[in-house]
Each structure stands twice: as structure tokens, then as C-alpha cells.
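Dear colleague,

I am handing over a structure for you to look at, and below it you will find my notes on a few of its parts. Please keep the model open beside you while you read.

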Amino acid sequence: MEPHTHTLLNMCRASLPRNMIENSMFEEEPDVVDLAKDSTAFPALEPDEVVYEPRSSRLLVRGLGENDLDDEEEDYESSARLLGMSFINRSSTHNPSSSPYNRQAPPRLCSCPSARMLVVGVFILVLVASMAMALYFLPGCTFTKVGVCANSSTPMEPSYPNSTNGELFPWNEIRLPASVRPVNYDLSLTPNLTSMTFTGRTVINMTILHDTKRIVLHSSELIITKATFQDKSVEVKVLEYKPWQQIAVSFLEDLKVGQVCVLTLDYAANLSHTYDGFYNSSYNDKTGAKRVLAATQFEPQAARKAFPCFDEPAFKATFLVRITREPGYITLSNMPQAKTTTLPSGLLEDEFEQTGVNMSTYLVAFIVANFTSITRNVSNTLVSVYSVPEKKEHTHYALDTASTLLHFYNTFFHIDYPLRKLDLVAIPDFLAGAMENWGLITFRETSLLVGNQSSPLDKQLIANVVAHELAHQWFGNLVTMRWWNDLWLNEGFATYWQYTSLMTEFPQLDLGNVFLGVRFKALAKDSLNSSHPVSVSSQVTTPEQVSEMFDSVTYEKGASLLLMLKTTLPDGQFRKGLIKYLDKYRGSNTVTEDLWNSLTQVGQESVSDMMRTWTLQNGFPLVTVSRKGGHVTLTQEHFLLSADNATHTSNLWHIPVTYVNDSCSSAPSCRQIFTLRNKTATLNVSDSVKWLKFNYMNTGFYIVHYGDEGWATLIDALKTDINTLTPHDRASLIHNIFALSRLGRVSFRQVLNLLDYATNETETAPLTEALSQLSSVYRLLDKRQEQRLVARMKVYIWGHFGQLMDSQDWGEEESVSKQELRSVLLEMACSLGRQNCTDQATALFDQWTNSNQTKPIPGDLQRVVFSTAAQSDLRWLSLMEAYSSTTYDSEKRKILQALASTQDPQSIVWILSTGLEGGIIQTQELPLVISTMSDGFAGHLLVWDFVKENWDRIIEKFPVGSYPIQSIIKSTTSQFSTQTHLEEVQGFFSNLKERGSQMRSVQEALETIRLNQLWMDRNLPTLRIWL
Ligand SMILES: [Zn+2]
């Protein structure tokens, strides 16, 4: 999933043993227990979820996370010992004496016999003269309502919750039991786009992996009207436990291992009014008439809102989908259409081919709409791009890009895309940027549609999203993470590939700078205490915790780590390892260690040893360099921004430290590498070396501090010859020194010293980094109402960059890199009121409106032109008119950003309430509106008030923990820097309780405000002197 598209630039565990079971969840080792949970929340396990194997005396344990076992520990002895530890941990809530894992007393799998069988059983026991045994069993065996026999003398009886109808629900964990495996779903859906409801029938074929008396699966907001088991004439009762979105069917007799079962469920539901599940969407066609459609968005946990299913990524199955529609609509699903049948009602039923591959439920998708498409055949796959009929002409670029990239990935991964068709569909109202459903990728219109006349920068955005989603067809769809804690295996890879595939296939799109910006962003997020490891070993179970995994660390740090690994390994090893990984695990699920093992097997280096230090602990290292002649000492520590100075960790990383020096500094062949494994190490260089620059091209995920002397020699070198370092290395120095200033290791004076070189800078990467850093300092001072400093900051910016700003051309520009640079320069110039800029922008805008929009504004300049125009009341109104009439999505979005940048309080309030309402401004755009307003002086307090006032309505639209909510919290609070605001934010969120107080983004917001406070305390005096 691509969570957002509006800002493209925008436990020490030294040695963790190999996960003992590497196979997919079901195929080879059914006798496992899922213990990958926080031990304190460890619920009582059911006997039928554990298989005791007396023959081999082994009790296999899956996914123990931090307690994973070594190979040599796989014997019964150590397993029992380890499980014993688990019991100690949970002994406060469960009496350990009844443990079924107790070595001396293996579990008694007590079934629930009928009364007659019970009598016979007792009789036999008596006959074999085992009176004592009978006395032991019989009086102790009582029967619960759900037919589970428990020994009343032992309090092992799990406490089951109550179902909706008051009966006990036969399962008490948020994760499903592993005793039943779905094999195939046969789905029939009948949506009604008038009443906005649908009915469905789901026939699930499954096999039993362990003897069990229940089938538990997911269902949310579905009314089950009928349920039958095996023979369709026999109805069964379905129990529902709503808090965990589960339903269950209980049986008196065991379903036996290996048995094949069929559960048929008929149900009805409303089409969702939010953005997930099977939801309704609408748009106005060119005549102004409202057209409705229905589409799906299931990732991460909303397939259960469209059909009852085993809605966890490891429960892969095949799917056959049928959808009923009215004539005049088309339907789409993952697979090609097989046939259409006319029903007696006059409705048509489309049936799709059964999926030939096993897939996770979150990748299922279907759409009912009146879309049209264009199509092309690429290596035996029919690639189509669908849109509303009015926008068909905007689909060509996406088709070209998807065709090229499909061919690229097919070749690169050595595995052909496995389906016969690939649809890319632009949905008028869609929350995420895009979603990689297998064979049916869905997009926001702004992420897929682009006019032929649009600028290369607009096309860059489309190419990015298409490249990301296509990469998922391998990383995510073909090979899927076993659980959401390893989401980075999907998203880190898709993010990595979106940049690297485009750098290879579309070098003119200049993705190198964008990827560098992404790594800087990931470092910023990961420097907070509230960050998390890329591969999370702590609990990720609730829907909120799962949603929160979709964040910058998972996507952007994941991608950054892959880049670092790729540039560290010998040529070709990364690719070979990935091909091996995809081939070995195709069709199944993996954990992070499976990836490292595949990469280790094709080379000499132990990838696992190095990468565990990067994926299992949060944060990243700061490498401090000190030099005495030829001896260079490198020291590593956790780069942790902390407001109280009390937080220290002993985290260590295996850092592939790269460096260049003054004799050879810009060509890739100059790069040398040194692995820093310990806290400190010494590197020897020639005495004649004048300076060293570490982290060549900033491909490593760490920050470097050169000490006063080291910085001084680098600054001198840059002042002498700017080209002595690559533009990415110059950007890296700028980024690092600002980060060190935030950490309190360098003064702001040193930051300004380095920036002095930048008056000669003309390259995009270092300039965009410098301007983005200065702009965030400027905004902090502005919000803090330090008006004198704000004015002096402006003078400083004009002094360093004013000339470059004024020299920018306002005509058409072909180079993407130059477009990026001039849009950043001019947006800053105009937003700070530089006359030359605002005059030019206003003139272009007036020309555009006076010519009835026939004299176009270059695409990369639209945002600055529109935003400047929006500051005048009259032009704001004409922009509003243009917003309602334009069909070009990228232009429309830029107009909306401009409208939202107004400083007029009434307009601000109107846009916010209209956005929340939906309609003229779609609700999907609310996070963009909020982040734009938060940057402005007038908007930032109004928007914070709005979020507080309307929190409940906002979380109705955007679920707690979701990316839009993370974005809203971040943009509304990240510029506060006073104690009053800190207390206010703290007070507001802590009162929310289950409506959001536990979110990681709230912790992040509070940390950020404290750090802003600290930065102000430290740097205001310096700024007053030096600016
Ligand atoms: Zn994705």
C-alpha cells in the first residue's frame, strides 16, 4: 500500500538465534504453537492448539520472537524449560499448576463424550481395575457450555468471553487458532448501489490441521443470515464476539486432523461509508450527474467487512469471485472474467476465474463501476488502466509506465508476474495513495492519472506509485510477511524498488534526489524514543497497532536499510539473494530472518549478523570521528534525541562505514569501507590525508560527527572547491550538521558556518536539504512569535539564496532536477514575500485566468503560482472556481493546497468543515488540507482547535492509528514549542482513552514538542547573536 502521495519530499540483542521454523505457517510443521506474543498478555492456550509428540519428545514452538531457540535447543528439554518460563510470566493471572505443558503431566485431551459413552468409558475403566484412575478423572470432569471438558479441580479453564447472544464464545485470543486452514473461498456478492447495501454468500473449503471442536474466523459488521456445515441442509449456529471481529461455530465432536470441511455463510451488510471494506464512492460526471460505484480496500484488516474469512496474512487460499451487477456497469476482480450469466431478475452475474495462486485475504479486491479502459499486452499479461469515462485520456502515461516496469521486474526477479491480467484502476474517492491488490491495483486518481501535457514532476509522482505497487506483486503478494510485525518485508521492499527501478528504467525522472530525501526523513523519525524496530518483536495485535505499522520507519527506514545492504555486499549478491528468497518462498509467508538467510546463502558474508543489529533494535548510530595524525578513531553510540538527557541505550550496530578522502573523493571507485562492530575502533590512513568524508553518498543509515577540527577541514575544502564532494555528499553534510545541532553536539553557529559555502551551491540535493532545514527553523520561530528573529532569518535566507531565487526562469523547463530545485526555491521565496517572486507569480496567474486557462502555467510552478494568488481575496475566489471546474487531478490538488494556504480565518474554517463533510472538497483530502494549513501562521492554531473539536468525526473517517491520523497529529502539533502547548496536547490526547491516547504518534508528538522547547532554550541566544 502506498499510504500517502502528497509529499514526495516531504533491547540490545547482540546475537539472536535463527528462528527454528522457517516454513510457511501450515505446510510442513502443523504441530506448532504461536507464541510470538507478549508474555504478560499471554492467554491460556487450548489443548488442541498444542501437539505433544511423545515419540520424538519434541514440542515445537513457532515464532518465539525474543525467546527464539537455537537449533541445538530444539529438544524437548529446553522447549519445556522455555515454556516453563512463559508460565512463570503469566502465573499472576493463570494458575501454573494446571499447565498442559508440564513435563511430568502431558496434556489430557479431554473430549466431550455423550452420556452413554461416558458410562461405557467408566465401565471399561472399572473393568481394567483402574478404580483410582476413574475416581481421578470422573469427578473432576465438568462440561462447559461450549462442550469443552475441563478438570474442575484445576483452574486451567480459560476464561471465554460472552458472544453477542450471551453464550460463551469458544475462543479467547485476538489471533485465530491455527487448527483450521482455509483452502478455497467461493464468494458471491450482490451489491445494490441504490440502497447501498449488499448480500453475499461465502463457501469456505478448509482442512483441519489439528483435532478441534470449533471453527473461528473473522467477520465485521456482517449480519449472518444462514450458516450450514458440510451438507447444505444442516444449519449450524454462528456465535459472534464483536470486540475481536470474530465468529465461531462449535461442534460437539472433534473435527479430525486431515478432514476436509465446507462452511457456507449467507450474510447481508451495508456498503461502507468509510474508506475500507466494500465501500461506496461517487463522483459527478461531465453532465454534473452523480454516479455511484463500489470498490474495496482490505489492507490491513478489512476483508472481514466484505466476507467472513480467516483475515490474517498467513491464511493464504484460492478465491473464486462472482458479482451481480446492473447492465451499464462493469465489474472487476483479481482474475480475468470467466463468464457472464443473465439472472431471472434481469441482473447480470459476472464470474471470475479461480485464482491460480494462493493469496492472503487482504489482497482480494472487487469493483462495480462504469469505468472505461485502455489496454496493452506485455509478455503474456494484459495490462489495462481503468478510469471514469471522462478521464480516459489521462490514462496513457500510467499504461506506458506499468508496461515498462512489468517487463523490468519480470526480468530482474527471474519470476514472471503470475497472472494473465493486471488492471490499474483510478478510484474517484480513495484514501490510500494506492493498493497492490493482486491483479487489480487500485489508485487515487491523483496517483494514476496525468495529462500528456503535465510536467515531468507530475509524471514522476505517478511513476513512483506505479513502481511501488508493481513491486508488491512480488514483494507482498507472491511472498508475504507472516504477520504485520514484519510489514517492512512488504513495504520496505516496495519503497526500495520504486526508486531503484525508476532510476534504472526512467533516469530522466531523477529519483536519486527523492530517495535521498526519503532517507533523511527516515533518520528524523527514527531518532525519537517513540520509534520502533523495523521488525517489531513486541505485541502487534490490535487493529490500531497493526495500522500504526504503516509508517515512515516501516516504509522509508526499511528501504534505506536495503539500500545500505545492497551497497555493502559484493556486486550481484543482493540480487542473487533476492531471487533465491522469492523463489524459495513464492506462494508462502516469511519472517525477516528468512530474508537474511537467503542473502547469506549466496555469499560469504553473514548478512544476518549485520542486519539483525539494524532491524531488531530501534534507532540508528551516530559515528563520531576523531583523528590524531594517521590514526582515526571511530566511536558509535545511539543517536537518540532526548529532551531529558536521561535516556541512554547500549545499542550497538554492525556499521558498514564508508569513506573518501581529499585525494579521491567523488567517484564511486574512491569509496573505501570499514566495518565498525564494536563501540570503538581505529582506522589507519596516510598522514598526508587532509580530510575524510564518511558515509559516501549517504547510502548508510547513520549520522557522522567529525568533531570541531574535522568539520573545519571539510568546510574549508568545500569553500575551496565545491565539486570536491558529490552533491549527495554535500547534502549529507548539511543534513548531519542540522541533526547534530538538534542533538546538542554542535552549536547553531557551526551550522551557519557550513552553510556559508552554500552561496556557491547550485545543485538540487544540497540546496533542497538546506532550504528544508532552514524553513523548519523559520516556521518554529514564526509560530513562537519571535518576530525580530523571523525578520533576521529572512535577511539571512535572502543573503545566501536570494540571488539564486531571483535568477530562476519561469518558463517551461524539461529537467526534473531543475524543476525540483526551482519549485523549492520559488516556493520559499514567495511564501516569505520576496517581491520579485510574488510579482512574477501573480503575473503568471493573471495571464492564466485572463486567457481562460489557455496560457498554461508550467506544472512545477503551479503550486507556487496558485499559493501566491490565494493570498488575495479576489484571486482566491477565482481559484475556487477553477477548483470546481478542473478535471486535471494533479492541478486540482495543487489548487486545493493553494486554497488551504490562505491566511483568512473564515476561509480556513470553511475549507476544514467542507473537507470533513465531503463533497466539494473530498474527505480523502483532509490530511493534505490540515498539513498545508499547519504550516501557515494563521492556520496552525485554528487547525489544532478544529482537530480537537472534531476528533470523533475525524476518526470515523480515518481509523485510529492509520496513516492519515498519524499525519494529522504530526502536522498539527510538530511546530509547538512551549510548555503550555505541551500540556494542552498531553491533556487532549490522554483524555481520549481508547479513541487514540495509546497511539505511537501521540508519543512522537509529545517528544517533538519537548525537543522543540529544548532547541529553543539552547539556540535562541545563539540566533540572537549570530543571525
Ligand atoms: Zn506499499
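An open sheet is built from 3 strands in the order S5-S8-S7, with antiparallel pairing (strands are DSSP runs of E with at least two residues, helices runs of H or I with at least four, both numbered from the N terminus; two strands pair if DSSP finds at least two bridges between them). Its edge strands, S5 (212–218) and S7 (239–241), each pair on one side only. S7 is joined to S8 (residues 246–255) by 3 bridges, and glutamate 240 has isoleucine 247 in S8 as its bridge partner.

Please note that this is a predicted model, in which local features need pLDDT of at least 70 and side-chain atom pairs count only at pLDDT 80 or more, while totals for chains, interfaces and linings use all residues. Residues are numbered from 1 along each chain as its sequence is written, and side-chain values use heavy atoms, with hydrogens and water left out.

The zinc ion has as its protein donors Met1 (N), Met1 (O), His468 (NE2), His472 (NE2) and Glu491 (OE), which lie 2.0 to 2.4 Å from it (donors are N, O and S atoms within 2.8 Å of the metal, or 3.2 Å for Na, K and Ca; water is not among the atoms, so sites may look incomplete). Methionine 1 is buried, with a relative accessible area of 9%, and histidine 472 is buried with 0% (buried means under 20% relative accessible area, exposed over 50%, partly exposed in between, with a 1.4 Å probe and protein chains only).

Best wishes
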